[in-house]
Amino acid sequence: MRRKCRIWWPEQLSSTQPSSDNLLFGWFVSCLSDSLDIVVAFASNLDSSSNLQSGLQEILHSINGNMHVSLQDKSKFCLLGQSRGSLSNGQVFCNGMQEDDLRKSSDGLTGCCRQWSYGCLKLDGLLEQCRQMSTGRDYWLELTYDSHDLHAREIRWIPKVHHIHWNSVLVSRCDVHVIVYETPKYGAHHFSLRFWNSSEHGKTSIKKPKWVDELHEKKPLNDLDTVILAINSATAAKKIFERHDGFRRSRVNIPIIWMFCAFMCHLLAMSMASLSTVFYIFLQFSHSFLNLGSQSWVYSASAKAFSNTWINIRIRCCQILYWPIFLQDNDLRSQSSVECAEKVALHKHSMWSSLLVDILLGDLIGLTLLFHMESVCSWVSNFASDFTNELLRSGCVWLMGVPAGFKLNIELAGILGMISLNTIQIWSTLWIFVGSLLIYFIKGLAILAILFGVTVPAALVIDMIAIATLHLSTLHWLISILYSLQLHALAALWRLFRGRKWNPLRQRLDSFDYTVKQHVVGSLLFTPLLLLLPTTSLFYIFFTIMNTAVSLSSMFIEVIISVIHATPYIKIILRLIKPRRFPSGIWFEIIGCQNNSSDSPCSAFIDKNSSPSDGMPQQEDESILISVLHSNYMNIGEAPCSQKSFISLDILD
Amino acid sequence: MDTSISGDSSPTRPKWRKVAYGGMQPGFDDNHTDETFLEDMVMNANVVKRNLLKVMQDSVSISQYLCIVALVVLVWTYTLRSTLNENSLLLLDVSLLGLGFLTLLLTEEMLSLDLLLHYVLNVSFFTTGLFVLAPIYQTLTQSISSDSIWAVTISLLLLHLFLHDYSGSTIRAPGALKNPNLTSCISLNASIVASVFIASRLPSRVHVFAIMLFSLQVFLFAPLVTYCIRKYSFRLHLLFSFGLMAATLALVYSLHLLLFVLLVGMLVFVNVLCPYWLIRIQEYKFEINGPWDEAKLCFDITD
C-alpha cells in the first residue's frame, strides 16, 4: 500500500520565495501505520540559527513543556526536517548522486545525511544533532519547493516531498496532501472542530440520520483533534522559539512606554484589589453580624421571605469581587493553544460585560425613578387600592351572591365570603401604615439600582410583591386545603357505597364489608358534601385565578432578571464585529493536484485507471493534492456541524 | 357398536370400568357408557315444594314492608304540606321509639341488659348526630328545583325497595349469624339519602330534625321489629300486617284516589298474582345434580 502523508503548511511560508535552506519545526501526528500527519509550525533559517544548535534540545524541550497537556501526550514538538530551496523543476540538489542510489540505501538517517552533506558545509553542525536526535525519533522529512501560481490566494510555492524517513524506511514515493493554513493568532482567528459553544466533550442533541452513526463507527483515519490543536499552538511555539533566539542574540530595547503602561496597569490592579478587599471585609462583617441573630425565627423567616434579593445580592458581590482577577491579565499569554486562550478570554469578558450592562441599566432606571418619584408612588398606591377594591372585594361580594348564574349554597358562600372579606380588611388596615413609607422605599430602590445594577432592586420588588400579597396566598392555601379534603372525602364515601376500599400497599381497590353503622354515617355525610361541592369549587377557582395572576407577574420579573444575567453580550458583539473568532468546523478547498507524469495541473479527479498494474515502483504516478484549510463560521441559530470530519484518503489513490 | 356384536366377547377383554385414570381402555371407545350411566343423577334435589297458601303467607312480609314505606311517604307529604307540624312529628317519633322498644322487649327471648344498653347507646348516638347535622341539611338543596328533588327521591326509594333484604333485617342483634350483604347496605344508603333530600325542603331546623329522626327510625329499625315479631309468632305477624295494610289503605284513600288505586293494585299483585305465577312456573323447574357437580365449600361453621 502506498503510504500517505499530509503536510499542514503555514501560508506565510508559501507566499515568499524560499531563498535558502530552512529547518522545519512542528509535530508529527500518526494515527495509522501507513498515514502520517506532519504539522509544520514555522521554519527557521539555517544561517541565523547557527548559534542555537548547541541548545536546540533544551529549546525544543521548553517549547514542548509549554504546550497543552493533551498535545504533549499525543505528539512532541520536534525538528521535522529541512526544506531546500531548489530549481523549479524540482531537481535534487545533491551533486553526483543518482536518485535510485538514494532510494535504495536504507541504512538510516546518518547515511542519508552523509550523502546530502557532499559538498554542503552548512550541514556539519546539523549532523551532530541528527545523530543525537536519531535515537529517539522515527521520522525525518526532506522537502523541496515547487512553484505553483495561484495568484488569487498568494500561494506561490508548494512544498514537495523529496523523501521521508519513515520508521527507518526511506520513502520517497508517497501520496502527499498539502494543506495550506493561515496561522491562527489570538484576536484574529483560529480553527476549531466543534461548534462554537459546545463543551470539550460536546454532544449534540439533534437527531442525526443513520448514515452519520454508521460513519462514526468507522475507525477514523486520522487524529484531527491533535492536528488542529497543534495548528492552534503554532504561534505560541514560534514566539517561544524567537524568544530563546532573541535571548541569545542580544537584548532588544523594550520601549519605555510599554514598561510605563505595564506599571500603571499593575498599580490599577492593586488599587482595585485593595478596594475590593475593603468591600469584602465590610460584607463579611455584616454577614457575621446578621448571623448573630440567626437562631431566632425572625432571622430565618426574613431570610426565607427575602430569598430572591439575597441570591441576587450574593451574585452581585461575587461579580464585584472578581474584578482584580480580570485586571491582572495573566494566563492569557501562557495559554499556548489559541482556541483555549480565546475561550478563557471570552469567559472573562462575558463576566464583566454582563456586570457592566447590568449597572448601566440600573443607572438608567435608578435615575428615572429618582426624577419621577412622586408619580411612581401615587401610581403604586392607586394600583394597590384598585386591586384590593375592584378585584378582591368585589369578587368576594359577587361570589356571595349569584356568580355567573350558579346558585350556590347561601350559608357556605356567606361564611367563606365573610372570612375572605375580613382577611382583606385586616390586611389593608395593616398596610395603611406601610403606605406612608412607600416614598422612602422607592428612593431606596433607586439608590440600589444606581449602585448595584438593575437585578438587585428587581429581586427586591419580587420579594415585596410576595410579602404584600401574603393575605391572598394564605386565603388560596386555606381554600385549596378545604377543597382537596372535600374531594378526598367524597371519593372515599363513593368507594364505601360500592363496597370497596383502597389498598395502599397494593395500590388497588379491594372489596370490603363495612358495618351498617359505617354505611349509615357514610350516607348521612355524603349528601351534604356532594351538594356543597359547587360552592367550594367556585371559591377555589376564584382564588386560584387571583393568586396565579400575582405569581405570573413575579415570574415575569424573574425572567427579565435571568435574561439580563444570562445573555452573552460579549459574544454577540464580537460576533458582529469579528466573526472570524468563532469558528465551527473546517473545510478543505482543493485548489489543485499534480501528477508527476504530466507536469501541468489537472483537475481534481484523478483517473483511477492510471493505478499501476505492474510492480515497477519507479513508474508509479506520484500524486500531490493541494488544498487550503478554511474555517466555518458560526451563524446564530445554525445547526451544529458534525464533530468529526473524515478525510477520505481514497481520493489520493 | 361393541355391545351389539354379541354377548360373549373374547375372554381376554376386561370389563369396562368407570374410572378417571388409566387412559384408554382397550376394546372400548373413549366415550363409551354402560348401563350405570346417570344412575346417580338427582333431579330437583334442592327445589322447595311450594304450595299456594304458604307462598301467599310469605308474601305478606313484602306487602307489609311496602305499606311501611307508603306510610313514611305519607308522613313526608303531610309534613311538606305543613299539615303535620313539628311538635306532632316529635311526638310521633318518641311514640314510635317507645313502641319499638316495647315490642323488642316482649318478643326477644335472649334479651339482656347490655343488649338493651347497646341499643339505647346507638339511638342516642344517632339522635345527637342528627341534631348537629340538621342545620346543614336545612339549606342543602335550596338551589335545586322541586321537581328534581321529587324525581331523585322517588328513584332512590325504588332502588331501596328493589334491593331490600326482605327475609331478614339489615340491622341485627349483635351475634347474628350472617353479615348484611352489600345490596342491603346499598338499599339502606338509598333510603337515607332520599330522606335527606326530603328533609332539606323543610322550613325550619326542628322540622328537619324531626323528619330525619322519623325516617331513620323507620328505615333502620322497622325491619328489625317486624323480624322479631315474625320470629315470635306467625299469627301475630299476620295480624299486624293486615292491620297495617288496612290503616295504610285508609290513609292513602283520604289523600289521593289514584295513589290508593295504585297501592291496591300493588298489594294485589304482590299477594295474589305473584304467588300464583310462581306456583305456575314452578312446574317447569328442572334441576340436575350429580356427582359431577363442583364441590361447594361450607363456610357457615359456627363454633
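Reply: Between domain 2 of chain A and domain 3 of chain A, five residue pairs are in polar contact, both partners at pLDDT 80 or more. That pLDDT condition is there because this is a predicted model: local features need pLDDT of at least 70, side-chain atom pairs count only at pLDDT 80 or more, and totals for chains, interfaces and linings use all residues. Residues are numbered from 1 along each chain as its sequence is written, chains are lettered from A and ligands numbered from 1 in the order in which they are written, and side-chain values use heavy atoms, with hydrogens and water left out.

Me: What makes a pair a polar contact?

Reply: A pair of N or O atoms within 3.5 Å; within protein, one must be able to donate a hydrogen and the other to accept it, and residues adjacent in sequence count only if both atoms are side-chain atoms.

Me: Why is the pair Asp358(A) and Arg316(A) called a salt bridge?

Reply: The rule wants a side-chain nitrogen of Lys or Arg within 4 Å of a carboxyl oxygen of Asp or Glu. Here the closest N and O atoms are 2.0 Å apart, so the pair qualifies. Across this interface of domain 2 and domain 3 of chain A, the rule finds one salt bridge.

Me: How do you know which part of domain 2 of chain A gives the most to the side that touches domain 3 of chain A?

Reply: Helix α12 (residues 307-321) of chain A does, with eight residues. Helices here are DSSP runs (H or I, at least four residues), and strands are E runs of at least two, numbered from the N terminus.

Me: And what is the area buried between domain 2 and domain 3 of chain A?

Reply: About 1,500 Å², with carbon and sulfur atoms giving 64%. Buried area is the accessible area (1.4 Å probe) that two parts lose on being put together, summed over both. On the domain 2 side, Asn312(A), Arg316(A) and Tyr322(A) lose the most, together 38% of what that side buries.

Me: How many residues are in contact between chain B and chain A?

Reply: 28 residues of chain B are in contact (heavy atoms within 4.5 Å) with 19 residues of chain A. The count of salt bridges between these chains is zero, while six residue pairs are in polar contact, both at pLDDT 80 or more.

Me: What makes β9 and β10 of chain A a pair?

Reply: Pairing takes at least two DSSP bridges between two strands. Four bridges join β9 (residues 500-503) to β10 (residues 508-511) in chain A, running antiparallel, so they pair. Trp502(A) stands opposite Leu509(A) in β10(A).
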